[in-house]
Each structure stands twice: as structure tokens, then as C-alpha cells.
Amino acid sequence: VGTAMDYVQYKKGMLDLNLVMPIYNEDEIIEVVVVDWITHLDKLNINYKIKLYNDGSKDNTLDVITSLQKKYQDRIVVIDKKNSGHGPTILQAYKDSLNANWIFQVDSDNEMKAKYFEQFWNKKEDYDFLIGKRVNRISPLFRKIMTYISYVVVKLFFGKGIKDVNSPYRLIKTEVFNTVFKSIPDDTFAPNIIVAGMACKNNIKVKSIDIEFTERTTGVPTLNTSILKLFKISFKSFYQIISYAKKH
């Protein structure tokens, strides 16, 4: 255990923000997305890093983000990893990013734009967890049902509900969630639901902000698959969430 002075020095060396972004086969759009985020974050005068997690992409994503890293050396970190899926990649990113006061997670498909982030950043002093609620979201019926069931599961097992509980547009106060991140098993399919659930359970200050949803124009959603496979994935996810809730 360090001294109070050690802690002060540690805090001085921390970033304001780590923006973490899981990426899989997004070579058509990823440059547009990353440059848009850099543009908006630079305007806010934030000491930040954008951490791009390439989850074993099979297209030219790695080449594109490596080129971006060379161009924006002080802003971008590229992590190239074997494919483990969206959820485990997000969780790895959280656990890797504790050297910032805040962590922001967003997906790489450009469905939720950087222009809304300033609202979150301006409200952060009053909250510990800020999450985007997707407005006008276009999704298949099965995914809408899964979103609703996720809301119900969190409400039942964590005590409260967040409408868009798995939204990939969230600003998280690191010191509040540090132990939560570390407690979630690495292979968890939907860690964001657990994070939101623990925010409810621990009665921390939560803010939900409406974000306009824009349907993707490039790439293919990773969960665009058969109903049977989606059902199996959903069952596994809910089993993990409920098991975690009972344990914690």
C-alpha cells in the first residue's frame, strides 16, 4: 500500500480519458470514425488516448489503423489481438485502460457519432456513469426482444434497470468501476450489461442521454446470423450475467 504522496503522483500521471474501441472487419469506415473522434476530442482540450483493439480482423483493418497510428502517434494506440469476440475485447480494453480518470467505450461502426460526446464530457462532474440511449434504432425483432430481456434481467438481479443497458456509448469513471472490471471473467460475452448492472446495484450516479442512432452503411454486423445461433448466444450471455449477479 503506497503513501498519500504516492497516490497524488499516480493521479498526476493519469490521462483524462482512454477511449476504447473494439474493431472487427471495418476497413471501409474505420478511418472516418477515428479521424472524427480525434477532431472532436481535440476541440475539448482533453489529455486522451484512442485505443483501437483489432479483434482478429480478416480484411485490411489492421493496415488502416496502423497507418493512422503512424499519423497520429501521440493520440492512437493499436492493439492487435486474436479474435475473441466483441465482449471479451471490450473487457480486455477496460482492464488495460485504468491509467485514465475516465474510460469511454464506443463501437467502430459509426452508428453513434462522436458529435454527441461533448454532452457526456460536460456532465461528468455530476455522474459516475453516463450511457447513451439509442433513439430511432433500427434492429431486427429478435434483437429488440433481447434488448428488452437484458433490461428486465438487470432490473431483477441488480435492483434497477437502464433502458438501453448494452449501449456501446458509455463514459465510465475509472476509480468507481476499477474493482468491477477486475471481477468480471475474461470470457464474458456481454460485460457491458454487467457493468451497467453493477452501476445500478451500487447506487452510483447514473445518467442516460439520448443519442441519435444511424444505421451502418458499411460492413456486416457480427451478430447478423441465424436465429438459432443468436438464441444460443443470448442464453449463454444471460446465464453469465445471472451467475455473476448471484455471486456479487
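Q: How exposed is Tyr24?
A: Tyr24 is partly exposed, because its relative accessible area is 26%. Buried is under 20% relative accessible area, exposed is over 50%, and partly exposed is in between, using a 1.4 Å probe and protein chains only.

Q: What should I know about the model before we go on?
A: It is a predicted model, where local features need pLDDT of at least 70 and side-chain atom pairs count only at pLDDT 80 or more, while totals for chains, interfaces and linings use all residues. Residues are numbered from 1 along each chain as its sequence is written, and side-chain values use heavy atoms, leaving out hydrogens and water.

Q: Thanks! Where do I look for Tyr24?
A: Look in the loop between E1 and H2. Helices (H or I, at least four residues) and strands (E, at least two) are DSSP runs, numbered from the N terminus.

Q: What about Asn25, where is that one?
A: Asn25 also has its place in the loop between E1 and H2. With a relative accessible area of 24%, Asn25 is partly exposed. Its phi is positive, about 55°, although Asn25 is not a glycine.

Q: And what is the phi of Asn203?
A: Asn203 has a positive phi near 55°, and it is a residue other than glycine. You'll find Asn203 in the loop between H8 and strand E7 (206-212).

Q: Is Asn203 buried or exposed?
A: Asn203 counts as exposed, because its relative accessibility is 53%.

Q: Let's switch to H3. Which of its residues are buried?
A: Helix H3 covers residues 61-71, and its buried residues are Thr61, Val64, Ile65 and Leu68. Down the axis of H3, these fall within an arc of 90°, so they line one face of the helix. The arc is taken from the directions that run from the helix axis to the C-beta atoms.

Q: What do those buried residues pack against?
A: They pack against strand E1 (15-23), helix H2 (30-43), strand E2 (48-55) and strand E3 (76-81). Contact here means heavy atoms within 4.5 Å.

Q: Which exposed residues sit on the face of H3 turned away from the buried side?
A: That face carries Asp63 and Lys70.

Q: New topic: how many residues are in the largest nonpolar core?
A: There are 37, and Tyr94, Phe129, Phe177, Phe181 and Val195 touch the most other members. Two or more residues each come from helix H4 (86-96), strand E5 (129-135), helix H6 (141-158), helix H7 (174-183), helix H8 (191-201) and H9. H8 gives the most to this core, with seven residues. A nonpolar core is a set of buried Ala, Val, Leu, Ile, Met, Phe, Trp, Tyr and Cys residues joined through side-chain atoms within 4.5 Å.

Q: What does Phe181 touch?
A: Not counting residues up to four places away in sequence, Phe181 touches Leu91, Tyr94, Lys95, Leu98, Ile103, Ile172 and Val195. Another core lies apart from this one, with 36 residues, among them Ile38, Leu52, Met112 and Tyr116.

Q: Last one: which helix holds Gln240?
A: Gln240 lies in helix H9 (residues 227-247). Gln240 counts as buried because its relative accessibility is 16%. Leaving aside neighbours within four places in sequence, Gln240 is in contact with Asp187, Thr188, Phe189 and Ala190.
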